[in-house]
Amino acid sequence: VRFPEDLEDENTTFNPEFSHQVFGDNEVAFGYKGLKISLYYIAGNLSTLFRIKKSKVNEKFDCVEADDVESKIREIIPPGFCTNTDDFVSLLEKEVNFKPFGMLLHTYSVHNEEAGEDITYQIYKADMTCPGFREYHERLQTFLMWFIETASFIDVDDERWNYFLVFEKYNKDGATLFATVGYMTVYNYYVYPDKTRPRVSQMLILPPFQGEGHGAQLLETVHRYYMSSPTVLDITAEDPSENYVKLRDFVHVKLCQDLLCFSPGKLMQGFSQEMVMEAQQKLKINKQHTRRVYEILRLRATDMGDAEQSRSYRLDIKRRLIGPYKKKQRELAKMRRCLRPEELTNQLNQIDLNMQHEQLEESFQQLVSDYRRVLERLAQA
């Protein structure tokens, strides 16, 4: 909400992707008809209005009570929220005083077709010592429950957390205001003897801003922030989603493509220790992720219409993909020697090999498809 009229504007409304953490696995609020739960957030400081419209069903359900919906929502949103629209609008008038928390790291622009102009965004690094940030973060993290499937609130008293925030700058009545776009939390793990390994824990771009490139800007800014620190070993992520992996691939390839070790000539010679060292030392990218960068950039350097180049690329990728299959095959072979007759062992081994080849080819084709999408996005960047 930026203006009072936004309260009744369906175009500024968005729905949760998940509600199982509040309403159970079936995502059902039992015992109501016409139930409508509305949460409104002021665009900048995220002051909250909670409204609920409900009508309980009168029939008896074998002494089963209707769900206490209000209590479930109150468990998520921090105290101090409004339940009265007038109170909320009066807070909206004070929004001009809100300023982003922490240290400005990066400013960028995105062209908005609808507005016909470039809109400015800024990324800040904050921590709990910033006045007012703790309360703001309590409101901000409520979005996680609705948009990240396995989200949980973090221990903000642990000083090893870093917070990176994205804001939009906009004008209202001649004044410059800021709207919350999204954020990332990063935990700094200790690595013996004198390093740290920042691990991305949560990352969320709010739905009205998704698909505009803010996630890539945020992740690249975080990498650039840690690059300058000699004590940082590399950057990882906790239980990354499929979408995050695609985003990370894009950012890593964008950062690595200009390194000398990823020149087309060196790519065609195969994956090297030089790539691992340079990507880790200069960009804080670990070996596993560097290998994916190599595979994506080698695909770009490979003429897949050339039979020899295509075959060389396919074999190079499959040699990596086959590792887990070979390990599984060795384990199964040991078990069968103990548990199965010899003639049956050979037959089962052959079945497994056929299945292995099919799965390997399927994995390869899926990987190439994903890599092509990264390269398409890179070409448009």
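Buried means under 20% relative accessible area, exposed over 50%, and partly exposed in between, with a 1.4 Å probe and protein chains only. This is a predicted model, in which local features need pLDDT of at least 70 and side-chain atom pairs count only at pLDDT 80 or more, while totals for chains, interfaces and linings use all residues. Residues are numbered from 1 along each chain as its sequence is written, and side-chain values use heavy atoms, with hydrogens and water left out.

**View 1. The whole chain.** The chain has twelve helices and eight strands; these are DSSP runs numbered from the N terminus, helices being H or I with at least four residues and strands E with at least two. Its C-alpha atoms fill a box of roughly 75 × 60 × 45 Å along the principal axes. Of the 381 residues, 45% are buried.

**View 2. The buried face of helix α3.** In α3 (residues 85–92), the residues Phe-88, Val-89 and Leu-92 are buried. Seen down the axis of α3, the buried residues fall within an arc of 100 degrees, so they line one face of the helix; the arc is that of the directions from the helix axis to the C-beta atoms. An α-helix has 3.6 residues a turn, so residues three or four places apart point the same way. The cover over the buried residues of α3 includes β1 (32–41), β2 (48–56) and β5 (161–172), where contact means heavy atoms within 4.5 Å.

**View 3. Helix α6 against helix α7.** The axes of α6 (residues 214–227) and α7 (residues 242–256) come within 10 Å and cross at roughly 55 degrees. That angle makes α6 oblique to α7. Axes are lines fitted to C-alpha atoms, for helices over the stretch in contact, and angles run from 0 to 180 degrees between N-to-C directions. Angles under 35 degrees count as roughly parallel, over 145 as roughly antiparallel, 65 to 115 as roughly perpendicular and the rest as oblique. Residues of α6 in the contact include Leu-219 and His-223, and those of α7 include Leu-247 and Val-251. The residues of the contact of α6 with α7 are eight nonpolar, three polar and four charged. Here Ala, Val, Leu, Ile, Met, Phe, Trp, Tyr, Cys and Pro count as nonpolar, Asp, Glu, Lys and Arg as charged, and the others, Gly among them, as polar.

**View 4. Val-251 in helix α7.** Val-251 is found in α7 and, at 0% relative accessibility, counts as buried. Leaving aside residues up to four places away in sequence, Val-251 touches Ala-216, Leu-219 and Glu-220. Val-251 and Leu-378 are 127 residues apart in sequence and 9.0 Å apart in space, C-alpha to C-alpha.

**View 5. Helix α7 against helix α10.** The axes of α7 and α10 (residues 287–301) are 9 Å apart, and the helices pack at an angle of about 75 degrees. The two are therefore roughly perpendicular to each other. Among the residues that meet are Val-245 and His-252 of α7, with Val-293 and Ile-296 of α10. This contact of α7 with α10 has six nonpolar, two polar and three charged residues.

View 6. Most residues other than glycine have a negative phi, and most peptide bonds are trans. A cis peptide bond joins Tyr-192 and Pro-193, with omega about 0 degrees; Pro-193 lies in the loop between β6 (175–191) and β7 (195–205). Glu-27, not a glycine, has a positive phi of about 55 degrees and lies in the loop between α1 (20–23) and β1. Lys-284, not a glycine, has a positive phi of about 60 degrees, in the loop between α9 (273–283) and α10. Glu-27 is partly exposed at 38% relative accessibility, whereas Lys-284 is buried at 5%.
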